[in-house]
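Here are my notes on the model, in the order I would check them. Please read them with the structure open.

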Amino acid sequence: MTDPRESVHKRRPTMGRVPKVTRADARAALRNPLAFIAERWTPQPRTVQRAALSAIVMSVLIVVTGGAVRLTGSGLGCPTWPKCTDDSLTATSAMGFHGAIEFGNRMLTYVLCAAVGWAIIAARSQKPYRRGLTRLGWAQFWIVMSNAVLGGIVVLVGLNPYTVAAHFVATSALIAVATVMWQRTREGDAAPRPLVGKAVQQLVWFLVAAAVLLILVGTVVTGAGPHAGDSSEVERMPVDWETVSKLHAVLAWIVVTLTFALWFVLKAVDAPKSPLNRTRELFLILLAQGVIGYVQYFTDLPEVLVGLHMLGSAVMWIWVLRVVLSLRERPEVVADVPGPAAEATLTKA
């Protein structure tokens, strides 16, 4: 039995007032939904960082699932675009496993759009407003839209290897922008200050150029190799696959050598921990990627290892960019605050 005094002194729970949405609010939301949300929500910095990170994760996942489509021969599981068939927007049971794989990869594009949209909303709502950060989010959005159209063209032209290569390169560009945005969420907006000398910076840009060439030649290896993406006769790039694979391996060793040289130079000049750590991590990723590459080459390209190699390519590219971004720092912009003497002078005036 409850004490009657408790019922007297105990406050009854009350429901919070639901804010009224006026017609003006509705019009404002329709006219500029991002500004409407930004006026009513201020995310924590960690929320913005997680939103940017989710865009990176989804970009890498698109690479993996795109590889699964290709390696299972499901590239034409949905034979047309934007519909899956001439009569159906979705895959049908008659299309079987290949239709489900291809349609699932298409649906994952919407999840990627949601992740990029969240990153844009979080960046736009951050206080103070950071225009550059929001623009990086929008850049991702337009890359995703363009790549979705390019993916449709890939299907319509029957998995032409050059369009497939362009599709992968566009995804690599998306990963690059997403990585830069993620880094910028953890920095301020002051002018960047280099942490190393120009000679080290030039060495890093040689590393970036070699990594870009490595990725581009990798698309040629795929375009000339046996995994055409479909069980039917699919056009291949008219180059010798063995020769291109050896060139790809040479470029991989150049990237590894440049990475080791960079780590050695950073140690010699007593560079800050961030560039050293990112370079060491990249070196380990490259070693793992090299092992996978050689094993798949000498075991006739098993699908699982090729998929792991594609995942490793995306991770390698992210860490190359992280090495570049670790060479400078961008502190918060500090507003000029008048000191006590200045405040006294202003008061007297």
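1. Start with R278. This arginine is buried, because its relative accessible area is 16%, and the cut-off for buried is under 20%. Bear in mind that the model is predicted.

2. R278 sits in helix α10. Its contacts, leaving out residues up to four places away in sequence, are W319, R322, V323 and S326.

3. Next, the largest nonpolar core. It holds 57 residues, and L262, M316 and W317 touch the most other members. Two or more residues each come from α4 (45-71), α5 (96-125), α7 (161-185), α8 (198-224), α9 (241-268), α10 (273-298) and α11 (303-325). Helix α8 provides the largest share, 12 residues.

4. Which residues does M316 touch? Setting aside residues up to four places away in sequence, M316 touches A211, L214, I215, L282, I285 and L286.

5. Another core lies apart from the largest one. This other core has 11 residues, including M58, I120, V144 and L174.

6. Now the surface. A nonpolar patch is formed there by L61, V64, V304, L308 and L311. Together these residues have about 380 Å² of accessible area. Helices α4 and α11 each give two or more residues to the patch. The most comes from α11, with three residues.

How values were computed:
Residues numbered from 1 in each chain as written. Predicted model: local features only at pLDDT ≥ 70, side-chain atom pairs only at ≥ 80, totals over all residues. Heavy atoms only, no water. Core = buried A, V, L, I, M, F, W, Y, C linked by side-chain atoms within 4.5 Å. Buried < 20%, exposed > 50% of the residue type's maximum accessible area, 1.4 Å probe, protein only. Helix = DSSP H or I, 4+ residues; strand = E, 2+ residues; numbered from the N terminus. Contact = heavy atoms within 4.5 Å. Patch = residues over 30% accessible without salt bridge, like charges linked within 9 Å, V, L, I, M, F, W, Y side chains within 5 Å. Areas by Shrake-Rupley, 256 points an atom, 1.4 Å probe, with all protein chains shown as cover. Salt bridge = Lys/Arg side-chain N within 4 Å of Asp/Glu carboxyl O.
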